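Student: I am new to this structure. Could you show me how to read its features, one by one?

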Amino acid sequence: MLRLYDYLPSGNGYKVRLLLTQLGIPFELVEVDIIKGLTRTPEFLAKNPNGRIPTLELEPGVFLSESNAILYYLAEGTSCFPTTRLDRARVLQWMCFEQYSHEPNIATARFWIQHLELTAERRAALEQKRVLGYAALGVMEGHLQSRTFFVGERYSIADIALYAYTHVADEGGFELSPYPAIRAWLDRVREQPRHVPITYRPSRK
Ligand SMILES: N[C@@H](CCC(=O)N[C@@H](CS)C(=O)NCC(=O)O)C(=O)O
């Protein structure tokens, strides 16, 4: 059985838990407390030298990390994966956008607010994240104004990648009321079969 090393509040980890659940793929969840530094132990670094969850153990000793790479690996050949060359590239386009323009601002602001002392220096950095995070939301809003989902009018891993931190953006201090197209898309993602919340953990067999 697949084994997922994860931390429940993590949007990056949630992407993988959500897709595995929607595809009906059973997995064992191994919770790793990132606040206690358990992703930086020699034992964990042997699984992912970058010291981060999510990390998926495909078979004993075979590990894959980076949430969007894991989504890509799991989705191939399923309804969440586009069939045309251009749409596959567009999925990658949005997943790169998520990792460069969205997650480093929206997810990081959420993490800082929830876990770190907001020193004057960090408050200034947070303001910068706010500007860049809202810029990313503006790009998403413009794209979604005339579309149902991010790529090819079908729910795909691009939607999962962007949903993970957008639906909890308020926890990072981002106000979504000025973004009606994003809010309607969040509802459509939530309505997908076998959708589970970020707090989801599979029951132990
Ligand atoms: N680009 C990575 C980012 C993963 C990441 O930042 N994971 C965080 C939790 S969301 C983590 O494991 N932090 C623990 C640490 O840095 O020690 C991905 O998409 O998987």
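Student: How far is a nitrogen atom of the ligand from an N or O atom in the side chain of E66?

Tutor: The general idea is the polar contact: a pair of N or O atoms within 3.5 Å; within protein, one must be able to donate a hydrogen and the other to accept it, and residues adjacent in sequence count only if both atoms are side-chain atoms. Here the distance between the ligand nitrogen and the E66 side-chain atom is 2.7 Å.

Student: How much of the ligand's accessible area does the protein cover?

Tutor: Accessible areas come from the Shrake-Rupley method with a 1.4 Å probe; for residues, only the protein chains shown count as cover. On its own, the ligand has 510 Å² of accessible area, and the protein covers 81% of that.

Student: What should I keep in mind about the model itself?

Tutor: This is a predicted model, where local features need pLDDT of at least 70, side-chain atom pairs count only at pLDDT 80 or more, and totals for chains, interfaces and linings use all residues. Residues are numbered from 1 along each chain as its sequence is written, and side-chain values use heavy atoms, with hydrogens and water left out.

Student: How many residues surround the ligand, and which are the closest?

Tutor: A residue is near a molecule if one of its heavy atoms lies within 4 Å of it. The ligand has 13 residues around it, and R40, I53, E66, S67 and Q99 are the closest.

Student: What classes of residue make up that shell?

Tutor: Ala, Val, Leu, Ile, Met, Phe, Trp, Tyr, Cys and Pro count as nonpolar, Asp, Glu, Lys and Arg as charged, and the others, Gly among them, as polar. The shell holds six polar, four nonpolar and three charged residues.

Student: Where is E66, and what is its phi?

Tutor: Most residues other than glycine have a negative phi. E66 has a positive one, near 75 degrees. E66 sits in the loop between β4 (62-65) and α3. Helices (H or I, at least four residues) and strands (E, at least two) are DSSP runs, numbered from the N terminus. E153 also has a positive phi, near 60 degrees. The loop of E153 runs between α5 (120-144) and α6 (157-166).

Student: Which peptide bond is cis?

Tutor: Most peptide bonds are trans. The bond joining I53 and P54 is cis, with omega about 0 degrees. P54 is in the loop between α2 (42-45) and β3 (55-59). N50 lies in the loop between α2 and β3.

Student: Is N68 buried or exposed?

Tutor: Buried means under 20% relative accessible area, exposed over 50%, partly exposed in between (1.4 Å probe, protein chains only). N68 counts as buried because its relative accessibility is 9%. N68 belongs to helix α3 (residues 67-75), and its side chain makes a polar contact of 3.2 Å with that of K15. E66, at 42%, is partly exposed. N50 is partly exposed too, at 37%.
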